[in-house]
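Me: I would like a close look at one part of this model. Please keep it brisk and give the cut-offs.

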Amino acid sequence: MSRITETSDQWWKTAVIYCLDIETFFDSDGDGIGDVAGVNERIDYLARLGVTCLWLMPFYPTPNLDDGYDVTDFYGVDPRLGSHGDVVELIRTAKDRGMRVIADLLINHTSDQHPWFKASRRSKDNPFRDYYVWRADTPPDTSDQTVFPDKEDGIWTFDERTEEWYLHHFYSHQPDLNVANPKVRDEIMKVIGFWLELGLDGFRVDAVPFFLEDVGMTGADADAMAQPHDHLKNIRAFLSRRRGDAIMLGEVNVPREEQVTYFGEGHQLHMMFDFVTMQQMYLSLARRDAGPLAEALRSRPEIPEDCQWATFVRNHDELTLDKLTEEERQEVFAAFGPEERMQLFGRGLKRRVPPMVDGDPRRVRLVYSLLFSLPGTPSLFYGEEIGMGEDLDAEGRMAVRTPMQWSPERNGGFSTARPSRLVARPVPDGYGPQFVNAWEQMRDPDSLWSFIRHLIQIYRSHPELGRGTFSLLDQPNPEVLAHQVTWEGRAVVAVHNLGGEARTVPLTVDAPAGSVLECLLGRENVEVGDGGAVELVLDGYGYRWFHVHHPGGLRLP
């Protein structure tokens with residue numbers, strides 16, 4: 001298979017993913033709530049940035065008690081946001097601009113207002129009873145298992161009508177589906193098929209470990225109890241039959257030794273967010289020591305060829321630090337969230353990157369240079385490209401789900417509605433729209449937006465960054481991370497200084513003498529000496545990327 005064909009078939013290995021919440025992105029009709037038509041109006045903005053895959057947070061009908069993650073109809077569109085016609089138009093317009101579109105697939109739970117659950121709780125012999133997980137005996141203390149310890153005392157809630165308990169790993173208004181029931185599994189397949197038919201290119205699969213752990217808890221299907229990962233295999237097989245190039249990107253925040261089980265032998269998830277590397281990166285940034293990040297990358301398990309890691313520095317949830325030790329977590333809190341109001345559940349931060357590093361543009365750009373140079377598929381959360389901040393007065397994860405800041409005008413150009421009608425207020429402080437907005441940054445070649453656009457251009461021009469073999473390069477400075485990514489005779493070398501002082505960095509790269517490290521961020525090239533020896537100088541919080549040009553190779557201007 002040719003390199004071009006291989007790259008095209010696995011488009012997701014070199015994609016640039018952009019996640020947005022429709023209701024906070026752009027309001028097209030002035031009612032204070034963002035909508036699907038508003039996203040459509042801003043597609044050219046995303047295309048100009050270089051986005052190749054748009055990830056839509058839930059847009060389904062919902063009571064909206066959990067920002068749309070509590071769904072009442074998996075086949076519908078929330079009327080506040082638009083219609084099926086609007087969604088199809090968005091997908092069509094995005095594809096016209098070269099963008100794939102994926103959406104959240106919520107297969108772990110529904111809203112308690114979903115017709116299935118309303119029927120399920122009517123009686124013990126209702127046909128929908130076994131769509132959810134019920135128990136007759138009093139559950140033990142499960143306070144340590146709830147995802148939201150500040151809101152829920154455990155993962156079982158007593159239902160007075162039938163005098164039994166139902167399972168919910170998240171909020172009590174989000175009962176867990178019983179995926180051991182073959183009828184539930186059939187419904188999930190129908191939902192997937194429906195949205196693929198309307199043009200989606202795949203799904204970001206929510207809460208995958210919870211979905212699998214719940215399997216078989218009511219004993220509805222003995223075979224399902226024995227092999228829960230078979231469900232992921234069946235979903236991927238169905239997905240591939242319907243759309244050969246569609247993907248599943250999983251939210252799987254588990255220890256390293258468990259991660260590979262969700263890839264299986266290349267027949268389960270296509271992609272998985274690398275939570276471990278993300279958390280160790282923040283520990284390295286807090287310590288100004290590249291060691292934790294280097295170890296996280298070194299310990300990445302081998303994965304099948306048809307699978308991929310997704311890298312990120314921020315997502316739509318809290319910035320979780322749950323895989324760090326208590327001592328390590330406190331180090332990150334001290335560096336990036338010293339006030340209690342900046343922390344969430346004792347395990348993470350409700351902050352965005354720029355305020356965490358006190359607005360230091362060197363450190364902000366260092367973080368995003370890491371994101372795009374580390375091996376994998378980079379994912380951005382809306383507003384990262386302009387350096388948006390957070391609203392610490394907003395509850396929980398809503399602190400980072402504030403309206404997109406388009407201009408310095410009222411409401412940040414998000415909506416023409418009165419401020420009191422907005423779905424959420426814009427960030428109120430020094431990171432507010434009058435200081436941070438897309439309109440001004442797109443016109444400034446030195447802005448963060450222009451910098452990230454440039455990183456995206458480099459990333460898309462060098463498929464080895466998404467597809468290549470990763471290796472750490474030895475050097476004597478603990479603050480410095482140096483690595484090389486190689487694929488099909490191509491290679492990129494990237495060096496990052498996580499400390500504030502300048503450093504001279506001697507390296508041995510995998511390239512013959514006489515090769516040239518052609519600078520991708522700047523103009524200063526470096527010649528490779530005997531044995532691959534080179535020496536670089538990095539400013540404090542500095543970073544440099546190089547394309548390895550071999551002797552006799554074609555040099556493009």
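Which residues is Glu23 in contact with, leaving aside its neighbours within four places in sequence?

Reply: Some ground rules come first. This is a predicted model, where local features need pLDDT of at least 70, side-chain atom pairs count only at pLDDT 80 or more, and totals for chains, interfaces and linings use all residues. Residues are numbered from 1 along each chain as its sequence is written, and side-chain values use heavy atoms, with hydrogens and water left out.

Now Glu23. Its contacts beyond those neighbours are Ile33, Gly34, Asn64, Asp67, Arg80, Leu81, Phe414 and Val423 (contact means heavy atoms within 4.5 Å). Glu23 lies in the loop between strand E1 (17-20) and helix H2 (36-41). Helices (H or I, at least four residues) and strands (E, at least two) are DSSP runs, numbered from the N terminus. Glu23 counts as buried because its relative accessibility is 5%. The classes are buried under 20% relative accessible area, exposed over 50%, and partly exposed in between (1.4 Å probe, protein chains only). The side chain of Glu23 makes a polar contact with the side chain of Arg80, at 3.1 Å. Such a contact is a pair of N or O atoms within 3.5 Å; within protein, one must be able to donate a hydrogen and the other to accept it, and residues adjacent in sequence count only if both atoms are side-chain atoms.

Next, the aromatic residues. The whole structure holds 31 aromatic pairs. One of them is Tyr18 with Phe25, edge-to-face, 6.2 Å centre to centre with 75° between the planes. Rings of Phe, Tyr and Trp (its six-membered ring) pair if their centres lie within 6.5 Å; planes under 30 degrees apart count as stacked, over 60 as edge-to-face and the rest as tilted. Tyr18 is buried, at 0% relative accessibility. Phe25 is buried too, with a relative accessible area of 0%.

Last, the core. The largest nonpolar core has 143 residues, and Tyr18 and Tyr282 touch the most other members. Helix H17 (residues 448-461) gives this core its largest share, eight residues. A nonpolar core is a set of buried Ala, Val, Leu, Ile, Met, Phe, Trp, Tyr and Cys residues joined through side-chain atoms within 4.5 Å.
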